[in-house]
Amino acid sequence: MSKPSGIALETNSLGRRYGRRWALRDCTFELPAGRVAALVGPNGAGKTTLLHLAVGLLASSAGTIRVFGASPWEHPKSVLPRVGFVAQDHPLYRGFTVAETLELGRRLNPRWDGALALRRLNRLGIPFEQRAGKLSGGQKAQVALALALAKHPDLVLLDEPLASLDPLARRDFLRALAEAVEEDGVTVLLSSHIIGDLERVCDSLILLSAAHVQIAGEIAAIRREHTLLRGPRDGASAVAAVEAEGMVVERSMADGRATLLVRSNPPHALPDGWEAREATLEEIVLAYLGQGASDLAGERGEVGAVTVVDDLEVTR
């Protein structure tokens with residue numbers, strides 16, 4: 001089965017409000033088909049809200065969201081068969097056996113591939129006669145993933161599927177996901193807090209904080225666009241030279257040394273005692289998450305307007 005090209009998921013000034021509180025606001029990004037993207041943010045950042053909007057469980061309060069060009073809220077019959085969704089708590093009918101769960105999946109999904117589900121669960125040794133309520137956390141996650149993939153979706157949305165799993169179960173889940181991407185070419189948006197796991201399987205990043213998109217793009221490009229500078233704490237001239245160009249994402253002072261995470265390239269000439277290196281993905285993510293919405297607004301203007309810079313989208 002050939003997989004679609006173009007844009008799998010697209011939002012434009014998307015927002016969702018509950019009363020006076022915005023759970024998600026001014027959210028704008030594009031996820032090209034074929035990508036495996038990490039959706040990262042602290043609790044309450046709007047990750048689950050975004051995923052629920054993408055599967056039509058919620059209507060937007062502002063802006064638009066489109067899955068392969070169509071609104072999931074307005075056109076669920078054309079969108080939802082193309083989307084596989086695994087919710088955070090891996091909801092399964094506790095009284096159903098695994099075999100009965102797969103039969104339910106067959107009856108509800110027109111593109112169902114029962115052989116695929118059987119093959120994946122057999123490989124993991126999950127007993128088909130076991131009731132879902134008696135499965136371990138890792139087994140429930142694998143059954144939920146098998147259900148999502150057996151739909152033959154073009155887009156898979158995963159809401160914190162690794163949160164309650166031990167390291168071995170996380171590894172097995174990510175291996176199964178990587179196999180599906182390799183074999184079927186699905187587009188994936190994976191929400192998680194575990195940066196190390198995400199970096200192993202994802203090629204793109206969407207970072208939400210304070211209900212806004214702070215940065216989005218290919219992970220390789222994001223890392224190229226950020227540099228970590230370290231030098232003497234009293235090197236005021238070096239700190240001022242970098243800050244004057246408005247590139248500083250985060251600054252810290254400890255043990256007599258200054259550390260600056262900067263966007264784009266550092267100054268060509270650094271004073272004696274200063275060094276520069278490419279920042280890790282975890283350092284970049286934590287720096288952006290550590291900024292409050294007021295800090296972002298003060299340093300880079302209104303939060304939420306996303307600008308594209310050399311295949312990298314950054315909030316300005």
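Strand 10 (residues 226-232) and strand 13 run antiparallel and are joined by 4 bridges. Welcome to this predicted model, in which local features need pLDDT of at least 70, side-chain atom pairs count only at pLDDT 80 or more, and totals for chains, interfaces and linings use all residues. Residues are numbered from 1 along each chain as its sequence is written, and side-chain values use heavy atoms, leaving out hydrogens and water. Helices (H or I, at least four residues) and strands (E, at least two) are DSSP runs, numbered from the N terminus.

**The sheet**
- One of the bridges pairs R230 with E275 of strand 13.
- An open, antiparallel sheet is formed by 4 strands in the order 11-12-10-13; two strands pair if DSSP finds at least two bridges between them.
- Strand 11 (248-254) and strand 13 (275-278) are the edge strands, each pairing on one side only.

**Helix 4**
- At the helix start, a side-chain oxygen of D113 comes within 3.3 Å of the backbone nitrogen of A115.
- After helix 4 comes G125, with a positive phi near 70°.

**Cysteines**
- C27 counts as buried because its relative accessibility is 0%.
- C202 also counts as buried, at 8% relative accessibility.
- The structure holds 0 disulfides, meaning pairs of cysteine sulfur atoms within 2.5 Å.

Key
Buried < 20%, exposed > 50% of the residue type's maximum accessible area, 1.4 Å probe, protein only. Polar contact = N/O pair within 3.5 Å; in protein donor to acceptor, adjacent residues only side chain to side chain.
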